[in-house]
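Here is a short tour to take with the model open beside you.

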Amino acid sequence: MDLKSGYPFWALKNGLLASFPPLQQDQNCDIAIVGAGITGALIAQEFTTHGYAVVVLDERDVAWGSTAASTALLQYEIDTHLVDLAKRYGEADAVLAYRACADVIEPLLAQARRLGRVDAERLQSLYYASRRSHAPVLAQEFALRLKHGFAVEWLDRHALKREFGVDASAGILNRPAGGIDPYQMAYRLLQQAQRGGARIYDRSRVSAIEPRSRDVLLRLQSGAQVRARQVVLAAGYSTQQWLQQRYARNRSSYAFVTEPIDAAQLGPLRNTMLWESARPYLYLRPSADARLVVGGEDDFIDIPARRDRRVESKARKLLQKTQALFPELPLQASFSWAGTFAETSDGLPYFGAHPQYGKRVLFAMAYGGNGITYSAIGAGLLRALVERRAHPLHTLFSFQRSSR
């Protein structure tokens with residue numbers, strides 16, 4: 001599956017960080033993870049740290065799928081408003097999902113800093129009404145978040161203009177939030193897992209999954225085999241190929257990164273992530289080297305050749321929108337790219353077993369605008385499932401929620 005187009009900034013900035021061999025010989029392990037992007041890397045580190053024998057497989061080079069194209073927003077806000085999620089699943093479960101995302105951001109940033117050189121930055125998140133009619137919706141959302149103790153601040157038109165230079169009718173300022181270099185972090189996590197005993201193999205394509213009573217057999221295209229007590233399918237948006245039923249719709253999302261901007265000119269944008277209420281939404285965040293990473297212009301194109309042809313025109317539209325929002329900033333696009341993006345109908349991820357494969361095959365489908373946050377939560381959730389421990393998000397993040 002071709003997951004990206006153009007020139008993803010993180011891969012160009014970092015180059016090939018490490019080399020992992022393709023799998024040539026049969027392997028036995030406790031946990032086999034299919035997918036070596038940021039999701040697979042977080043899961044590998046979780047299991048390795050807790051004493052499991054781990055094998056990681058990826059059909060590409062490590063982190064060369066959607067991770068390389070990610071804009072790496074770390075936020076607790078789910079693409080579905082808390083108000084709407086509460087209507088669907090009840091207020092308690094909706095708050096549980098939002099709270100889990102909020103609680104994992106600081107530990108995730110701390111983990112990134114311990115790894116080093118992954119550009120981990122603590123940010124705040126500004127969600128603003130890009131249309132006047134959206135302000136009452138944001139007011140309801142703010143009230144429910146405030147009711148449940150989230151760190152939110154209401155900004156009216158004057159406050160938005162005064163503090164952020166944004167001309168909009170209202171906004172919610174949220175904390176915590178953050179940003180990282182996802183390509184670097186995936187590599188650093190996998191290298192850490194490797195030092196802990198994990199075996200990492202790229203350019204190793206799984207062609208068949210055979211669940212059995214005591215283990216799972218993975219057959220590779222090369223002819224090699226992996227026998228694992230449990231398998232985790234964490235191949236990003238390619239993971240859906242293993243399911244007969246579709247649980248998410250693939251889209252293409254577009255992005256560009258600017259040339260570095262003087263910190264004084266960036267002002268409050270130096271530590272603030274912005275995103276708008278329109279759908280699909282424009283969003284931006286600063287990078288560690290004082291660039292702006294800008295994304296949006298999502299469409300339902302999932303044909304690589306057509307996506308390739310749209311990268312430059314989409315980047316120009318994003319640049320025009322950003323320049324209209326901040327006319328005083330000297331914005332110059334440095335690199336532009338696109339990537340496959342998937343979203344579920346409710347904005348929540350899927351972690352756990354599926355009836356099609358049984359309990360020994362676990363899925364990690366961290367889909368949505370806060371996929372890295374979901375992945376950090378999912379790593380602990382999957383370990384709890386393997387260890388047969390209860391987890392508060394087991395049902396809400398499972399395939400069984402579709403029947404609720």
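Which residues does Arg 219 touch, not counting residues up to four places away in sequence? They are Arg 205, Val 206, Ser 207, Ala 208, Glu 210, Ala 224 and Gln 225. Please keep in mind that this is a predicted model. The points below begin with the strands around this arginine, then turn to a serine, to aromatic rings and to salt bridges.

- Strand β9 covers residues 206–211 and strand β10 covers residues 216–220; the two pair in the antiparallel sense over five bridges.
- Four residues sit between β9 and β10, and the two strands form a hairpin.
- Arg 219 has its place in strand β10, and it counts as partly exposed because its relative accessibility is 32%.
- One of the residues that Arg 219 touches is Glu 210, and these two form a salt bridge whose closest N and O atoms are 2.4 Å apart.
- Glu 210 also counts as partly exposed, at 28% relative accessibility.
- For a sense of distance along the chain, Arg 219 and Leu 243 are 24 residues apart, and their C-alpha atoms are separated by 17 Å.

- Ser 204 lies in the loop between β8 (199–201) and β9.
- Is Ser 204 buried or exposed? Its relative accessible area is 5%, so Ser 204 is buried.
- A polar atom of the Ser 204 side chain lies 2.8 Å from the backbone nitrogen of Leu 23.
- The backbone oxygen of Asp 202 lies 2.9 Å from a polar atom of the Ser 204 side chain.
- Leaving aside neighbours within four places in sequence, the contacts of Ser 204 are Pro 22, Leu 23, Leu 57, Asp 58, Glu 59 and Leu 220.

**Aromatic rings**

- The count of aromatic pairs comes to 22.
- Tyr 76 and Tyr 98 form an edge-to-face pair, with 6.1 Å centre to centre and 70° between the planes.
- Tyr 76 lies in the loop between β4 (73–75) and α4 (82–89), while Tyr 98 lies in helix α5 (residues 91–115), so this pair ties together parts that are 22 residues apart in sequence.
- Tyr 76 counts as buried, at 0% relative accessibility, and Tyr 98 counts as buried at 0% too.
- Elsewhere, ring pairs link Tyr 247, Tyr 350, Tyr 357, Phe 363 and Phe 399 into a cluster.
- Phe 300 is worth a look for the charges over its face: Arg 249 lies there at 3.8 Å from the ring centre, and Arg 251 lies there at 4.4 Å from the ring centre.

**Salt bridges**

- Side chains of opposite charge can pair when their charged atoms come close.
- How many salt bridges are there? The count comes to 25.
- Asp 181 forms a salt bridge with Lys 13, and their closest N and O atoms are 3.2 Å apart.
- This pair links distant parts of the chain, 168 residues apart: Asp 181 is in the loop between β7 (170–179) and α8 (182–195), and Lys 13 is in helix α1 (residues 9–14).
- Asp 181 counts as buried because its relative accessibility is 0%, whereas Lys 13 is partly exposed, with a relative accessible area of 35%.
- Asp 299 forms a salt bridge with Lys 314, with the closest N and O atoms 3.3 Å apart.
- Asp 299 lies in strand β15 (residues 292–299) and Lys 314 in helix α10 (residues 304–325), so the pair ties together parts that are 15 residues apart in sequence.
- Asp 299 is buried, with a relative accessible area of 8%, and Lys 314 is buried, with a relative accessible area of 9%.
- Salt bridges that share partners join Glu 297, Asp 299, Arg 310, Lys 314 and Lys 321 into one network.

Note on methods: Residues numbered from 1 in each chain as written. Predicted model: local features only at pLDDT ≥ 70, side-chain atom pairs only at ≥ 80, totals over all residues. Heavy atoms only, no water. Pairing = 2+ DSSP bridges. Buried < 20%, exposed > 50% of the residue type's maximum accessible area, 1.4 Å probe, protein only. Polar contact = N/O pair within 3.5 Å; in protein donor to acceptor, adjacent residues only side chain to side chain. Contact = heavy atoms within 4.5 Å. Phe/Tyr/Trp six-rings, centres within 6.5 Å; stacked < 30°, edge-to-face > 60°. Lys NZ or Arg CZ within 6 Å of the ring centre and 35° of its normal. Salt bridge = Lys/Arg side-chain N within 4 Å of Asp/Glu carboxyl O.
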